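Dear colleague,

I am passing on the structure below, together with some notes on what I found in it. Please read the notes with the coordinates open beside them.

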Amino acid sequence: THTHTHTHTHTCPRGVLREIVKERKKEKMSNTKYHQHPFHYHHLHTCKIQFITLIFFLLATTTTTSASRTFSFSINNHNHNNVYHHPKTTTTTKKISHSPPPPLCFTFPDAKTTSTILTQTASILATYTCLVTYFDRPRGKLIINPSHLLCKQSNVPNAGLGLFVTKSLPAGTVLGTYPGVLRPSNKYFTKYVNYPDSQGYTWRLNKVNEIIDPTDSKGVLQDVCYGGSDDYVGSYFIHQVLWRFWSVSTLLARINEPPLGVGGCSVETEVDEERREVVFLLGRDVYEGEELYLDYGPLYDRSNYR
């Protein structure tokens with residue numbers, strides 16, 4: 001038996017051994033359990049950065065190639081003009097020139113190449129502007145008629161402005177969706193360190209680890225949100241200057257929590273984290289002149305409450 005086994009091992013074809021090894025690897029892989037991580041927004045944010053970088057690289061490479069071709073063409077033309085081809089022989093001789101050779105430096109391209117470079121540069125800027133406009137756009141909208149709401153000094157002590165209704169509204173009335181720019185939580189942390197007051201107006205989406213931020217570049221809540229963030233160069237300029245007409249009202253961000261003894265909240269929320277939006281609606285009937293109140297949830301920082 002020992003002799004048979006030893007002989008069989010050495011006479012087995014290599015192809016059969018490869019197949020056996022492959023089958024054992026497949027069995028091992030099939031018996032192994034792999035944990036699949038969910039696709040969070042910060043992965044998408046990384047893909048956005050890589051996508052923008054790829055576009056810039058391709059367009060910049062094309063522009064550099066055009067400029068280098070122009071430089072090579074001018075050098076080749078100079079060398080060709082200094083070479084004399086004899087009509088009866090195949091040998092070539094250089095002309096005797098007393099002028100000094102041109103310096104080996106970049107020469108300005110002609111009008112056609114300049115136009116191409118300008119076109120490609122404009123294409124890069126337009127592509128970058130469109131991508132930043134899409135990713136840092138202001139989200140949310142006010143569904144209810146704005147004339148039915150009034151922003152003025154809140155009844156809550158030291159709460160600043162609050163939101164009131166100018167007419168009676170029934171329960172179930174949809175006010176709108178929470179305004180702001182959608183940002184990853186780790187990206188917003190830098191703004192929070194510099195402007196901690198902005199945290200009082202942000203809405204956190206815990207499952208997808210994102211923040212809806214309605215404040216401006218200084219962490220101040222304005223009457224409207226124009227969009228923009230610190231994630232991309234020139235994002236605030238693009239949204240607050242170029243696309244200033246594209247803005248979202250921030251009235252819903254003015255709703256305060258009720259003080260003790262008022263009698264509860266009048267506004268409820270429905271969070272849809274897949275669509276990255278928070279719907280505000282009335283949980284009961286409200287009457288003309290009443291201030292709207294909302295529960296901020298258990299994770300809200302109330303350390304500055306008095």
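Predicted model: local features only at pLDDT ≥ 70, side-chain atom pairs only at ≥ 80, totals over all residues.

Residues are numbered from 1 along each chain as its sequence is written, and side-chain values use heavy atoms, with hydrogens and water left out.

The structure holds five salt bridges (a side-chain nitrogen of Lys or Arg within 4 Å of a carboxyl oxygen of Asp or Glu). One of them joins D231 to R183, with the closest N and O atoms 2.9 Å apart; this pair links distant parts of the chain, since D231 sits in the loop between β9 (224–225) and α6 whereas R183 belongs to strand β6 (residues 174–184), 48 residues apart. Helices (H or I, at least four residues) and strands (E, at least two) are DSSP runs, numbered from the N terminus. Both D231 and R183 are buried, where buried means under 20% relative accessible area, exposed over 50%, and partly exposed in between (1.4 Å probe, protein chains only).

Another salt bridge pairs K191 with D213 at 2.7 Å between the closest N and O atoms, and connects helix α5 to strand β8 (residues 210–213) across 22 residues. K191 counts as buried because its relative accessibility is 2%, and D213, with a relative accessible area of 3%, is buried too. In the salt bridge between R275 and E277, the closest N and O atoms are 3.8 Å apart; here R275 is exposed at 58% relative accessibility, and E277 is partly exposed at 21%.

Turning to helix α6 (residues 235–242), its buried residues are S235, Y236, I238 and H239. They cover an arc of only 165° around the axis, so they lie on the same side of α6; the arc is that of the directions from the helix axis to the C-beta atoms. These buried residues pack against α4 (111–135) and α5 (185–194), contact meaning heavy atoms within 4.5 Å.

S154 lies in the loop between β4 (149–153) and β5 (161–165), and counts as buried because its relative accessibility is 9%. Leaving aside residues up to four places away in sequence, S154 touches A159, G160, L161, G162, F164, N256 and E291.

Finally, Y192, found in helix α5, is partly exposed at 31% relative accessibility.
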